[in-house]
Amino acid sequence: METEKQLDVADVDRASADIDRASAEVSGTDLIPVYIMGKRYMVPPSLTIMKAMEWAGYTLIRGVGCRGGFCGACATTYRVLGDPKLYFGLACQTVVRTNMYLAQIPFFPAQRATYDVTQLDPTSATLFSTYPEVLRCLGCGACTKACPQEIDVRSYMAAGMRGDIAAMADLSFDCIMCGLCAARCPAEEAQYNIAILARRLYGRYLAPRSKHLQERLEEIKAGEFDAQLAELKELSEEELISRYQARDIEPAEGSVVEED
Ligand code: FES
């Protein structure tokens, strides 16, 4: 049995060496070692974790979505050789480091309530009856340390415990639902699912309404722009591009507008 195991290790080492050589020939750059699911690969140091996995030969069909840091599908956890700290990041945004040991978490099971937001009241009672576990939060901050978006998850959970739906919605606004907070929570909360309930309640019932938006919607419904839209639909691509480029736009923030 031991002999078999040693042969396996030798095979793996040989295969790794082949990959190292092939990688070096292809890239012509200095490569660094990373460990993906326990196996060593040499990859260019400029790649994100996601691109490094693809460079190493993995085809990603889970744990990948927008590739732009928005969908939360690529939650990844890693350690670096000699460093006991557990790190978290998005595979599509985090650049590889030498001797990084990484594993993706394509899905994390979490409690998710079913509700019809149109039938709910925007109150703390709704929050507590839909997710009673919100009151179990220990305030330890493990969730905040795990968040790749640098959201203060502990603070928004504290807002939830106070029944402050507006603050919970505001503080959690950048959440991309990757689930890393839930993975680390000793109170077994699914913070991101609780926070999206707060954002839904806020958006539907509490956020100030835009009078101008409402007026514009009424104008659209009344057909005030139908003729202009019909005209645009008849234009050639070139004419559309030229009209788009000649449109009135607001000056970029911080830019100086020259007076005539
Ligand atoms: S793939 Fe969407 S956040 Fe990384």
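A nonpolar core is a set of buried Ala, Val, Leu, Ile, Met, Phe, Trp, Tyr and Cys residues joined through C-beta atoms within 7 Å. Buried, in turn, means that 20 or more other C-beta atoms lie within 10 Å of a residue's own; with 12 or fewer the residue is exposed, anything in between is partly exposed, and the C-beta atoms are placed from the backbone. Before you click, know that this is a predicted model, where local features need pLDDT of at least 70 and side-chain atom pairs count only at pLDDT 80 or more, while totals for chains, interfaces and linings use all residues. Residues are numbered from 1 along each chain as its sequence is written.

**Stop 1: the whole protein.** Switch to cartoon view and you have 11 helices and 5 strands to explore. Of the 260 residues, 25% are buried.

**Stop 2: the core.** Select V34, V43, M168, C181 and A198: they have the most contacts inside the largest nonpolar core, which has 51 residues. Now colour helix α8 (residues 191-206), the top contributor to this core with 6 residues. Domain 1 (9-104) and domain 2 (117-206) each supply at least three residues to the core; those bounds come from an automatic or database domain assignment. As a general point, nonpolar side chains tend to be buried together in soluble globular proteins.

**Stop 3: the sheet.** Show the strands next. In what order do the 5 strands of the open sheet lie? They go β2-β1-β5-β3-β4, with mixed pairing. (Two strands pair if DSSP finds at least two bridges between them.) β2 (39-43) and β4 (83-90) are at the edges with a single partner strand each, so one side of each has no neighbour in the sheet. Zoom in on β3 (residues 75-80) and β5 (residues 100-104), which run antiparallel and are joined by 5 bridges. Here T77 stands opposite A103 in β5.

**Stop 4: two tyrosines.** Pick Y41 in strand β2. Is Y41 buried or exposed? Y41 is buried, because 21 other C-beta atoms lie within 10 Å.

Finish at Y156, in helix α5 (residues 153-161). Y156 is buried too, with 27 other C-beta atoms within 10 Å. Leaving aside neighbours within four places in sequence, Y156 is in contact (C-beta atoms, placed from the backbone, within 7 Å) with M168, L171, S172 and A195.

How values were computed: Helices (H or I, at least four residues) and strands (E, at least two) are DSSP runs, numbered from the N terminus. Two residues are in contact if their C-beta atoms, placed from the backbone, lie within 7 Å.
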